[in-house]
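This briefing goes through one protein chain, topic by topic. Keep the structure in view and find each residue as it comes up.

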Amino acid sequence: MAVHHTHRHTGFHFPSLRRPAGAAATGETAVATTSTAAYVLASVRVLTGFVFLWAFLDKTFGLGYATPSGKGWIDGGSPTMGFLSGVSVGPMESTFHEWAGAGWANWLFMLGLLGIGLALVSGVALRLAAAAGTLMMALMWVAEWPPAKHLSDGSASMSTNPFVDYHLIYAVVLIALAVTAAGNTWGLGRIWARLPIVNRFSWLR
């Protein structure tokens with residue numbers, strides 16, 4: 001009598017690349033895809049939030065990156081002076097020069113960075129964060145004015161694209177995170193949505 005030995009293989013196995021057969025398998029694949037997408041969006045949310053939070057921290061404390069040590073907001077420096085006073089192109093050039101260093105501009109800019117950063121990292125109030133962030137990115141886009149080939153002094157603007165730049169990309173990312181409820185994964189989005197005031201005013205989500 002022949003004896004057939006069954007070999008059991010243990011250890012790590014790569015997932016099969018073959019298309020699953022049947023409705024059940026298709027449903028499982030859809031769920032897995034949805035879960036993966038949720039984790040990817042959550043990762044994008046947290047990383048984008050850190051971009052805003054880091055900008056706030058560096059400009060506040062002068063960590064020696066974009067803001068030199070001793071030039072932070074707490075040291076008496078102005079978070080908006082350098083950027084807005086350096087605007088040299090676009091239809092709002094003179095307006096930005098007037099805003100540069102103004103107390104209200106500093107506070108709005110810094111509170112915007114902090115609020116958007118905290119909202120994204122924690123996963124709450126993503127609609128508010130998207131609205132505020134899109135407005136901020138739009139103003140910064142106008143300040144750099146990518147459509148211009150030349151600055152106001154006639155020198156080359158060095159613009160690499162007349163329309164799409166990183167400010168526009170950030171704005172689209174913020175909107176995408178808000179409409180996909182990206183705060184529900186690795187965030188406090190679900191808890192935030194259950195708050196009575198948030199249930200009453202959906203724009204707070």
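Helices here are DSSP runs of H or I with at least four residues, numbered from the N terminus. With that numbering, Trp 186 falls in the loop between α6 and α7, the latter covering residues 189-193. The model is a predicted one. Its chain has eight helices and zero strands, and 29% of its 205 residues count as buried.

**The chain as a whole**

- Read from the N terminus, the order of elements is α-α-α-α-α-α-α-α.
- Among contacts with a separation of 6 or more, 60% are between residues 24 or more positions apart.
- The chain has an accessible surface of about 13,400 Å². Carbon and sulfur atoms make up 67% of that surface.

- Is Trp 54 buried, partly exposed or exposed? The relative accessible area of Trp 54 is 31%, so this residue is partly exposed, since that class lies between the 20% limit for buried and the 50% limit for exposed.
- Trp 54 belongs to a nonpolar patch on the surface, together with Phe 50, Leu 57, Phe 61, Leu 63, Tyr 65 and Ile 74.
- The accessible area of these patch residues together is about 730 Å².

**The loop between α1 and α2**

- Thr 67 sits in the loop between α1 and α2. With a relative accessible area of 9%, Thr 67 is buried.
- Beyond its neighbours within four places in sequence, Thr 67 has contacts with Asp 58, Lys 59, Gly 62 and Gly 72.
- Thr 80 is in the loop between α1 and α2, where α2 covers residues 81-85. Its relative accessible area is 6%, so Thr 80 is buried.
- Not counting residues up to four places away in sequence, Thr 80 touches Ser 85, Trp 99, Ala 100, Gly 101, Ala 102, Ala 105, Asn 106 and Phe 109.

**Gly 117 in helix α4**

- Gly 117 is a residue of helix α4. This glycine is buried, and its relative accessible area is 0%.
- Which residues does Gly 117 contact, leaving aside its neighbours within four places in sequence? They are Gly 49, Phe 52 and Leu 53.
- Gly 117 and Thr 48 are 69 residues apart along the chain, while their C-alpha atoms are separated by 7.7 Å.

**Ala 125, between α4 and α5**

- Ala 125 is located in the loop between α4 (103-122) and α5 (126-144).
- Ala 125 has a relative accessibility of 11%, so this residue counts as buried.
- Not counting residues up to four places away in sequence, Ala 125 touches Ala 119, Trp 192, Leu 204 and Arg 205.
- One of these, Leu 204, is 79 residues from Ala 125 along the chain, and the C-alpha atoms of the two are separated by 5.4 Å.
- Ala 125 is not a glycine, although its phi is positive, at about 50 degrees.

**Helix α5**

- Helix α5 consists of 19 residues. From first C-alpha to last it reaches 26 Å, close to the 27 Å expected at 1.5 Å a residue.
- The buried residues in α5 are Leu 126, Ala 129, Ala 130, Gly 133, Met 136, Met 137, Met 140, Trp 141, Val 142 and Ala 143.
- Trp 145 follows α5 and has a positive phi, near 45 degrees.

**Helix α6 and what follows**

- Helix α6 covers residues 166-179 and has 14 residues. It reaches 20 Å from its first C-alpha to its last, close to the 20 Å expected at 1.5 Å a residue.
- In α6, His 167, Ala 171, Leu 174, Leu 177 and Ala 178 are buried. These residues lie on the same side of α6, because they cover an arc of only 130 degrees around the axis.
- Just after α6 comes Ala 181, with a positive phi of about 50 degrees.
- Is Trp 186 buried or exposed? Trp 186 has 53% relative accessibility, so this residue counts as exposed.
- Trp 186 is a residue other than glycine with a positive phi, near 55 degrees.

Methods. Residues numbered from 1 in each chain as written. Predicted model: local features only at pLDDT ≥ 70, side-chain atom pairs only at ≥ 80, totals over all residues. Heavy atoms only, no water. Patch = residues over 30% accessible without salt bridge, like charges linked within 9 Å, V, L, I, M, F, W, Y side chains within 5 Å. Areas by Shrake-Rupley, 256 points an atom, 1.4 Å probe, with all protein chains shown as cover. Salt bridge = Lys/Arg side-chain N within 4 Å of Asp/Glu carboxyl O. Buried < 20%, exposed > 50% of the residue type's maximum accessible area, 1.4 Å probe, protein only. Helix = DSSP H or I, 4+ residues; strand = E, 2+ residues; numbered from the N terminus. Expected span 1.5 Å × (residues − 1). Arc of directions from axis to C-beta. Contact = heavy atoms within 4.5 Å.
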